[in-house]
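Work through the exercises below with the sequence and the 3D view at hand. Try each task before reading its solution.

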Amino acid sequence: MIKTRYIFIAAAAAWFAVTAVIDTTPAPSAENGGQAATDTPAAHPSIPAGFNQGSVISSMNAGGYTYAQVSNAQGQELWLAGPQTAVKAGENLYWGQGAMMTNFTSKSLGKTFDQILFVSNYMTDEQLAARQASATRGKVLSVQEAGGYSYLEVNTGAKTVWVAAPAVKVNVNDTVQWGSASEMHNFTSKSLQRTFESILFAASISVAN
């Protein structure tokens with residue numbers, strides 16, 4: 001259990017450390033990263049940029065973590081390990097980028113996994129829908145890319161704001177949405193060579209057209 005907790009925390013910390021850097025100035029931590037999933041079934045919430053989706057085959061809890069066997073969009077089966085989450089066979093599970101371990105033995109489960117992906121968080125359909133319901137959205141007025149991040153000028157209907165998030169494919173006039181974000185004042189981007197009087201740093205942005 002101690003070994004499991006150490007590896008998971010180390011993997012999550014490494015991921016957060018990578019996503020928390022914009023240019024050379026520290027920015028608020030991002031909760032998600034990785035490759036965006038596509039071709040989302042209409043019956044399910046749209047998948048945010050930086051998240052992957054799979055169908056749960058089986059799951060088990062041990063040591064404060066949930067070990068889930070899933071089948072992803074490509075039909076590949078894989079094991080995931082993340083913070084304990086209530087999941088059941090047949091439902092969809094969404095996760096961000098993680099750290100792959102080989103020949104990992106869980107003493108709590110008494111089981112060795114040939115390969116297992118340690119992820120920073122999970123979301124079920126219900127959790128994803130709740131996240132999207134509380135999201136802020138608006139129309140993109142302009143887009144700038146720098147340092148692996150997208151800087152978007154967005155009209156929310158009430159006001160115009162700047163939002164920065166890990167790079168995502170977005171076009172002018174797209175409607176985008178994001179969840180919780182941290183506001184920074186007088187933030188200078190060395191890559192863009194400009195200072196933003198106010199800018200929101202979001203964990204991820206998704207197109208909501």
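**Exercises on a predicted model**

The structure is a predicted model. Among the contacts in the protein with a separation of 6 or more, 56% join residues 24 or more positions apart.

**Exercise 1.** Find how many helices and strands the protein has, and what share of its residues is buried.

Solution. 
- Step 1: Counting the elements gives two helices and 16 strands.
- Step 2: Buried means under 20% relative accessible area.
- Step 3: With that cut-off, 43% of the 209 residues are buried.
- Step 4: The accessible surface comes to about 10500 Å², and carbon and sulfur atoms hold 50% of that area.

**Exercise 2.** Give the strand order of the open sheet of seven strands, and name its edge strands.

Solution. 
- Step 1: The order reads β7-β8-β5-β4-β3-β6-β9, and the pairing is mixed.
- Step 2: An edge strand pairs on one side only, which holds for β7 (98-106) and β9 (122-124).
- Step 3: From one strand to the next, the twist averages 45°.
- Step 4: Within this order β4 and β3 are neighbours; β3 (residues 52-62) and β4 (residues 65-72) pair in the antiparallel sense over eight bridges.
- Step 5: In this pair, G54 stands opposite N72 of β4.

**Exercise 3.** Describe how β14 and β15 pair and what lies between them.

Solution. 
- Step 1: β14 covers residues 181-189 and β15 covers residues 194-202.
- Step 2: Eight bridges link the two strands, in the antiparallel sense.

How values were computed. Residues numbered from 1 in each chain as written. Predicted model: local features only at pLDDT ≥ 70, side-chain atom pairs only at ≥ 80, totals over all residues. Heavy atoms only, no water. Pairing = 2+ DSSP bridges. Helix = DSSP H or I, 4+ residues; strand = E, 2+ residues; numbered from the N terminus. Buried < 20%, exposed > 50% of the residue type's maximum accessible area, 1.4 Å probe, protein only. Contact = heavy atoms within 4.5 Å. Areas by Shrake-Rupley, 256 points an atom, 1.4 Å probe, with all protein chains shown as cover. Axes fitted to C-alpha atoms, helices over the stretch in contact; angles between N-to-C directions.
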